[in-house]
Amino acid sequence: MSAEPIVLRETSAVRPPLVEMLHEWVTTVDHKRLGILYIIFALMFLILGGVEATIMRIQLIRPLNDFVSPQVFNRMFTMHGTTMIFFVAMPLVFGFGNYLVPLMIGARDMAFPRLNAFSFWMTAFGGLFLYFSFIGGDGLYGAGNAPDVGWFAYAPLTSQTFSPGHSTDFWTVALLISGFGSIGTAINLVTTIVCMRCPGMTLGRMPLLAWMNLVMGGLVILAVSPLSAAQIMLMVDRYLGGHFFDTQAGGSAVLWMHFFWVFGHPEVYVLVIPAFAFASEIIPVFSRKAIFGYPVMVAATVGIGFISMSVWAHHMFAVGMSSNSNTFFVLSTMAIAVPTGIKIFNWLGTMWGGKILFKVPMLFCVAFLFQFLIAGLTGIMQGAAPFDWQLTASYFVVAHFHYVIVGGILFTIFAAFYYWFPKASGRMYSESLGRLHFWLFVIGFHLTFDFMHIPGVLGMPRRIYTYEPGRGWDAWNLIITIGAFFQAAGILVFLYNLLWSYFHGEIAGSDPWDAWTLEWTTTSPPPAYNFATVPEVKSRRPLWDLKHPEDPDWKYE
Amino acid sequence: MYCLIAAESAIFSIFVVAYLFYTGKSLTGPQPRDVLSVPVFFTICLLSSSLTIHFAVKFLEGGKVRAFALWWLLTIVLGALFLAGTAQEWHRLIFREGLTIQTNLFGTTYYSLVGLHAFHVTVGLIALTSVSAFAVLGYLRQEHAERVKVLSMYWHFVDVVWVVVFIVVYIVGR
């Protein structure tokens, strides 16, 4: 291993023709290219999901608005939720996982490169299939087009009686296809991390990002499979006349809720654990300190992984479960706050006394710390069953989970974009545009989601397409919509920054952040084989050891 | 393969939970105890195929390709017998007893759980058959033992699932 990359030969100056390049991208099995494909795919769907959110917010900007019909509004919130979870957030974390995990553990590719390509294309076609519903969803009955049953598609709304045509089937099949893709990627990530670490990289020396991706992979395997099973059952109901969720034949609508949330709650952790991973890599580098409490961090991650399997029914307090099950799920929900709190203290401990550099990735991470804390606190509020009975299915819930997913997950994903953009593209992003994006997005985020809690407490239910004036909701909704426009502007600046910097950014060099993990030892962008010689590591910060042979980490670990 | 097995186990456990949850909740007949008979012979077939595939892999690891092929073919025959048994049972249930997937909750859960398992047996048989095609054509050698072993793990898993399905459907569910 060497600090300066070994240049074996000059890359050819002649660009291959466009068709050939496209062919290379479509047929690629390289983990870096597939990672980038995942991310580009997710960004396209981010725009679609964002447009849907904006349509909803315009509809709700004032009482009795008629910007879109109730039917279209139902389709918008269904498609927005499904898109953002399955075709934005998951591909983004998989994309980063794919790109970074082999580089960080010193491997040359994933364990199963072809399975990797297969999984990506499954996810991609699942997403395209979902959006094809806008054209093909009418079906033979001429009813509906895009799915309109909500992202958790409760029975009996999904039965043939209540959603004729094919709209729900598009939803089911799209999630089934992309679910298989997710399971494939998860298997690949777990196998890669377990089997392909470079010499010297014991589990205790593995970067936290790899650890957290390992836990995330395990969660995907155990959480997405039940969803696939439930989708198969739903298809049996809709096509073969089965009775799984058909209450008139003795079936149970509540069973669907259990099956969905057995997937649905671990899914939150599937998304947030990679977010923790980004924070755990970025905060130390910009605080100029090694991560505080590495072993505790790993233990907390694994603990979250286990506990997250036993909290699902806190989404169902209002259904009327027995008081024993309510109590159990309240307690398990409270318990999961403990390892999460440990993590927040560890990040703060990393920053404490550090020489903090407020570059754009660090800005996003600091905002993440604040926002994720608040998201966790409202989570604990709703984790208490009596409180949840009061506020369930209100805008308070919407505010809470957007606080988690946008304020927690999306913010660290942005941080990851800015942090690893130099590695993937070979060029620096524009710092000033990045700051503009950050401030626009922070202002927009807080305008929208801080104020969304209030109409929730005042009793505004989620998923209503309009409301009467004079209930005290009007001003809040106006503010929320204004915030949405700020966020949209932020996203546009972000996309422009990515494109502009890709062509005009400064050349980054292999290690622009003076960081410590293995991906910064190779060139930017890394060659197809990642490392000319397979690195050998002795500590958690191999690049530190190289840069500071007089004071290496392995003396202290 | 361990990860795949974990994922598959999760899928099966959801179906098993659904089956157990709906046991005895059918509003109309036929009920399981009226129509199901315990398929002892075909269960023995499937379970013994685990043994034969184990011997086959051992022979391949020892480099005895012919003995491997023999035991491997026996595994396929036993698996196919099991599948034929399922087909026979379904034929009887559908045409004689009038139980289809639409009839009642028992039909829905029974056909999906047993069908999901039969689907996995079929996939396994296709994979086993392609390996035997390679063996017959002479492409299979000792160094492939590890890959064949991974496939045999899948087959063992399918057998273990049958033990669970058997207990749930034919013992607890009746």
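This is a predicted model: local features need pLDDT of at least 70, side-chain atom pairs count only at pLDDT 80 or more; totals for chains, interfaces and linings use all residues.

Helix α10 (residues 360–383) of chain A packs against helix α13 (residues 431–457) of chain A at an angle of about 15 degrees. Their axes lie 9 Å apart. Angles under 35 degrees count as roughly parallel, so α10(A) is roughly parallel to α13(A). I noted the hand of the crossing of α10(A) and α13(A) too: it is right-handed.

Which residues make the contact? From α10(A) I listed A:Val360, A:Leu363, A:Phe364 and A:Ala367. From α13(A) I listed A:Glu431, A:Gly434, A:Arg435, A:Phe438 and A:Val442. I sorted this contact by class and got 6 nonpolar, 1 polar and 2 charged residues.

Next I turned to the contact between the chains. Chain A gives 23 residues and chain B gives 19 residues. On the side of chain A that touches chain B, the elements giving two or more residues are α5 (167–195), α6 (208–240) and α7 (253–287) of chain A. Which element gives the largest share? That is α6(A), with 10 residues. By class, this side of chain A has 15 nonpolar, 8 polar and no charged residues.

Then I checked a helix in chain B. Helix α5 (residues 105–136) of chain B has 32 residues. From its first C-alpha to its last, α5(B) reaches 46 Å, close to the 46 Å expected at 1.5 Å a residue. B:Gly138 follows α5(B), and its phi is positive, near 85 degrees.

Last, I looked up the confidence. Chain B has a mean pLDDT of 90, and 100% of its residues reach 70 or more. The model scores ipTM 0.90 and pTM 0.92.

Conventions:
Residues are numbered from 1 along each chain as its sequence is written. Chains are lettered from A and ligands numbered from 1 in the order in which they are written. Axes are lines fitted to C-alpha atoms, for helices over the stretch in contact, and angles run from 0 to 180 degrees between N-to-C directions. Helices (H or I, at least four residues) and strands (E, at least two) are DSSP runs, numbered from the N terminus. Angles under 35 degrees count as roughly parallel, over 145 as roughly antiparallel, 65 to 115 as roughly perpendicular and the rest as oblique. A crossing is left-handed if the near helix is turned anticlockwise from the far one by less than a right angle, and right-handed if clockwise. Two residues are in contact if their C-beta atoms, placed from the backbone, lie within 7 Å. Ala, Val, Leu, Ile, Met, Phe, Trp, Tyr, Cys and Pro count as nonpolar, Asp, Glu, Lys and Arg as charged, and the others, Gly among them, as polar. The expected span of a helix is 1.5 Å times one less than its number of residues. pLDDT is the predictor's confidence in each residue, from 0 to 100.
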